[in-house]
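My entries follow in the order in which I looked.

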Amino acid sequence: MSRNKVKYIFITGGVISSLGKGIAASSIGLLLKLRGLRVTIQKFDPYINVDPGTMNPYQHGEVYVTDDGAETDLDLGHYERFLDVSMTKNNNATTGQIYNEVITKERRGDYLGATVQVIPHITDEIKRRFEALAKTGNYDVIITEIGGTVGDIESLPFLEAMRQFMFSKGNSNAICAHVTLVPYIKHAGEIKTKPTQHSVKSLLEIGIQPDLLICRSEAPLTKDVKEKIALFTNVNVDSVVDAHDVSSIYEVPLQLAQEEVDEIVLEKLDLTCPKPNLKEWKKFVDNIKNPKQTVDIAVCGKYTEHQDAYKSIAEAFVHAGADNKTKVNLKWVRAEDIEKDGAEKHLKNISGLLVAPGFGERGIEGKIEAVKYVRENKIPFLGICLGLQCAVIEYARNVCGLTKAHSTEFKQTDQNVIDLMLEQKNVTAYGGTMRLGSYPCNIRKESNAYKAYKREQINERHRHRYEVNDEFKKTLANAGMIFSGICPTNNLVEIIELRDHPWFVAGQFHPELKSRATNSHPLFSHFVKAAIGYAGGK
């Protein structure tokens, strides 16, 4: 295997957004990793926000947090889930970060009085970031996904930087894979290639000739369609890849392997590697497509109409379901609907409940009501971040008799069982100031958490400002709450359980962020197992 130079693959998208650039990047990365190459993926986002940390989940979906505490684009979740590697802040860059860096340098006088412009100053900073991961010496191939759609004004500096970078590296060291739409017009019964032609034309106008076309379509592409696309785009017909719709995103690597995308990439990058071993991945996909049973689990949250807000949670259930050879049917429940209709109407037929993370007072009483319902009915429960806080408030009110129990995030009382973390009390800026990233947690033996993890110390990722108030821990414990996970560095409560409930576990952290396709997160896997057991005993 040749490892003399780091090789680069750029993923761009055309025609419309949400075509699956992140899945394409992740799938190509997985195939190359399974061939023995050291691969990482980075995302360049064209929005001016420094990061998505302050963005509305309805607009941007979930905020994906890395071990080192970076608040990043949700595509980094796909990268981690497919490749089973941990990303860092260096795997995501935004227009906001790039302009901030250039303006900081200008204020410092680094440009020696030059007029600071998009070209060369912004494009140079983008190129520096394209190559930053290569300088670690840890990678053979770096895949870079350019956010947005070709033709967007916001993406132009990234595409110009990409053109310059590819030219400087040479054809055998940097290639472009363009993901584009080939729509199927049902009433005509035809696949249309014109959008792809125009998309590639837009790239060519910038000076970028794609090496590979990943064609998204409802229906498989015929040989004639591929030849027509090849003719009008200057792309070799063997490099026009059929990526028609499949039932699961986890089938895409197998689909691309069938189209020999990894072979095409290796040939273009002048690399030789052994064939990938897809046995484990095929088994995982088979478990998704051919489950032995089903189980119904509700997810109660504020943003359930926009499920990208809970993308990692949904995928963690896919992984846990496959691990248990079970299809998890998720029932998305709006917390406000529980406030309006009561918990029983929405939760009476479920076998498990996850109360999702979130911020803000809207829907909070619905979440608390949902927790009460599953606690009293002994239905398996998993709480994440705010889900833990709601469980503590519910228990304090309805078991400990602290009727005014609340969180200071929502209401100031003399029974704030959830309070602002000490180091958060003087924070005024919102961006990047929470407790973010990976922290250790010591797990108590003889707990459901220990049965799941099978370890006494773990590390999990966080994103919160509030915590269980130490002043009320004794009262809660005397009433039957178990603090089964504690952070050793600051004594914060990380995991709670209940003594008289078969499976009631909540974590202050976000376990969904560490679930992987072929390595399901233990808490999710055991929660699904508990839900299966509950369904069987109904």
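I searched the whole structure for aromatic pairs and found 17, where rings of Phe, Tyr and Trp (its six-membered ring) pair if their centres lie within 6.5 Å, with planes under 30 degrees apart counted as stacked, over 60 as edge-to-face and the rest as tilted. Phe-10 and Phe-165 make an edge-to-face pair, 5.8 Å centre to centre with 75 degrees between the planes, and this pair links strand β1 (residues 7–13) to helix α6 (residues 156–169) across 155 residues. I took helices (H or I, at least four residues) and strands (E, at least two) as DSSP runs, numbered from the N terminus.

Both Phe-10 and Phe-165 are buried, that is, under 20% relative accessible area (1.4 Å probe, protein chains only), with exposed over 50% and partly exposed in between. Tyr-8, Phe-44, Phe-130 and Phe-158 are among the residues that form one aromatic cluster with them.

The model is predicted: local features need pLDDT of at least 70 and side-chain atom pairs count only at pLDDT 80 or more, while totals for chains, interfaces and linings use all residues. Residues are numbered from 1 along each chain as its sequence is written, and side-chain values use heavy atoms, with hydrogens and water left out.

I next noted Phe-317 and Phe-524, an edge-to-face pair at 5.1 Å centre to centre and 80 degrees between the planes, which joins helix α12 (residues 311–323) to helix α19 (residues 522–536), 207 residues apart. Phe-317 counts as buried because its relative accessibility is 2%, and Phe-524 because its value is 0%.
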